Amino acid sequence: MTSALHTSALTSLPLLARGKVRDNYAVGDDRILMVASDRISAFDVIMGEPIPGKGELLTRLSLFWFDQLGPKGLNICPIHLTGDAPEGVVSAEEAPQVAGRSMLVQRLKPIPVEAVVRGYLAGSGWKEYQDNQAVCGVKLPAGLQNASKLPEPIYTPAAKAEMGEHDENITFEQTVAMIGPELAAQIRDISIALYKAAAEIALQKGIIIADTKFEFGLDKAGQLVLMDEVLTPDSSRYWPLDSYVVGQNPPSYDKQFLRDWLETAKVNGKPWDKTPPAPRLPKEVIEKTAAKYQEALARMLG
């Protein structure tokens, strides 16, 4: 396995921002170099230890899905990839930090809405359904169970939060108030189309995509463009089809193993309160988390 990269340190380009996973650098005024580090976060807190290979894996999966769903494939909507090689915009000495884990993308005006699509009842959606038979204001039929497939995928947007804060679930009507009815409807309809297409492709490879989130931006012409990562285990809930049973929490290919461990972890002898600093991850947790991500990649790409 490759050596891990917790934080990139490019000096040939200006740093724009560091997110939970990605470090973004300006390439002129019209492109961004997105470097996927091996950082991992849980409960909106970045862990101190990286997961080796994670950044390359997320990049490979995103590129796979951009090919499937973008202009080279089903052409559901424009995508932010420029087609240029990331290694070509950094110095030769910095190329190893970039190779295999980066995307060179258009610089867009981000839309402050997380476009969440759910095809199955899971996680917070299942909890909310038990309380009021709805998820984020979307009424659902009675009698559904944990992990039930929904009659149709539902769109449950969230408002993007500042770094370290939790995204806030909002209604479609609130997105209309934020960005206008036309754009809100366009994002909803494209997101559902992307999810349906991806879910069908994944199912043929033995994976259920229970839910996912997309991010969009506007280019200079005002055109809606799919951006950031797409349909990775960081932005989606991946379940193995052969272990799926309605009424039970399926084993997942995301960071649920890490979350479960953190629920029992202690800092200074006390249960962790989900604020920084995070507990130090033992080698076993790092290795098992890495194995989950690798299995998702192997199933999806073969």
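Figure 1. Strand 3 (residues 31-36) pairs with strand 6 over five bridges in the antiparallel sense, and Leu 33 has Leu 104 in strand 6 as its bridge partner. Some ground rules: helices (H or I, at least four residues) and strands (E, at least two) are DSSP runs numbered from the N terminus; two strands pair if DSSP finds at least two bridges between them; contact means heavy atoms within 4.5 Å; axes are lines fitted to C-alpha atoms, for helices over the stretch in contact, with angles from 0 to 180 degrees between N-to-C directions. The model is predicted, so local features need pLDDT of at least 70 and side-chain atom pairs pLDDT 80 or more, while totals for chains, interfaces and linings use all residues. Residues are numbered from 1 along each chain as its sequence is written, and side-chain values use heavy atoms, leaving out hydrogens and water.

**Figure 2. Aromatic pairs.** Rings of Phe, Tyr and Trp (its six-membered ring) pair if their centres lie within 6.5 Å; planes under 30 degrees apart count as stacked, over 60 as edge-to-face and the rest as tilted. That rule gives seven aromatic pairs. Phe 64 and Trp 65 are edge-to-face, because their ring centres are 5.0 Å apart and their planes stand at 75°. Trp 126 and Tyr 129 are stacked instead, with 6.1 Å centre to centre and 20° between the planes. Both of these lie in helix 3 (residues 123-132), three residues apart, about one turn of the helix. Elsewhere, ring pairs join Tyr 120, Trp 239 and Tyr 244 into a cluster.

Figure 3. Buried means under 20% relative accessible area, exposed over 50%, partly exposed in between (1.4 Å probe, protein chains only). Trp 65 has 0% relative accessibility, so it counts as buried; Phe 64, at 14%, does too. The buried residues of helix 1 also include Leu 57, Leu 61 and Leu 69. In strand 16 (residues 236-240), four of the five residues are buried, so the rest of the structure largely encloses it.
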